[in-house]
Amino acid sequence: MTEPLLLRLAYAALTLFIVFNYGILLMGTTARIRARVQGRIGIPVWQPYIDIIKNNANRTSVIPRRHVLPRPGVPACRRHRHADVRSGDLRLARFRQLQLCRRRRCW
């Protein structure tokens, strides 16, 4: 007899759930054992769960303005209006602009 499709999907979801949790707990246990070998206390076993939740909470769907490459002639810092991009290499120019903004604490 063939099993209904819904039951097969439920088994697949349960399998994924078990494999995911096994992997996460194994990561936590491995990190704890590694710390004990090095003479430290180590992280809690559930720390990978906390990391996943924290990283998903920090993600944004909107790219901040400072991560977008500027057009030539447009200043990177709106606050101070410095470091115009005049060269053809946008990556190098953007790197220099970010260095100036960090020095002047525009962030």
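Modeller: A residue is termed buried when its relative accessible area is under 20%, exposed when that area is over 50%, and partly exposed in between. Please note that this is a predicted model.

Colleague: Why is G23 called partly exposed?

Modeller: The relative accessible area of G23 is 27%. Because that value falls between the limits of 20% and 50%, G23 counts as partly exposed. G23 is part of helix α1, and its C-alpha atom is separated by 9.9 Å from that of P48, 25 residues apart along the chain.

Colleague: What makes T29 partly exposed?

Modeller: T29 has a relative accessible area of 34%, which also falls between 20% and 50%, and T29 is therefore partly exposed. T29 likewise belongs to helix α1. Between the C-alpha atoms of T29 and Q47, 18 residues apart along the chain, the separation is 9.7 Å.

Colleague: How do you know that F17 is exposed?

Modeller: For F17, in helix α1 (residues 5-37), the relative accessible area is 53%.

Colleague: Why are α1 and α2 described as roughly perpendicular?

Modeller: The angle at which α1 packs against helix α2 (residues 47-58) is about 110 degrees, and their axes are 8 Å apart. Angles of 65 to 115 degrees count as roughly perpendicular, so this label applies to α1 and α2. On the α1 side, the contact is made by F20, N21, I24, L25, M27 and G28, and on the α2 side by P48, Y49 and I52.

Colleague: Which secondary structure does the chain contain, and what share of its residues is buried?

Modeller: The chain has three helices and zero strands, in the order α-α-α from the N terminus on. Of its 107 residues, 15% are buried, that is, under 20% relative accessible area. The chain has an accessible surface of about 9,300 Å², with 61% belonging to carbon and sulfur atoms. Of the contacts between residues at least 6 apart in sequence, 33% join residues at least 24 apart.

Key: Residues are numbered from 1 along each chain as its sequence is written. This is a predicted model: local features need pLDDT of at least 70, side-chain atom pairs count only at pLDDT 80 or more; totals for chains, interfaces and linings use all residues. Side-chain values use heavy atoms; hydrogens and water are left out. Helices (H or I, at least four residues) and strands (E, at least two) are DSSP runs, numbered from the N terminus. Buried means under 20% relative accessible area, exposed over 50%, partly exposed in between (1.4 Å probe, protein chains only). Axes are lines fitted to C-alpha atoms, for helices over the stretch in contact, and angles run from 0 to 180 degrees between N-to-C directions. Angles under 35 degrees count as roughly parallel, over 145 as roughly antiparallel, 65 to 115 as roughly perpendicular and the rest as oblique. Contact means heavy atoms within 4.5 Å. Accessible areas come from the Shrake-Rupley method with a 1.4 Å probe; for residues, only the protein chains shown count as cover.
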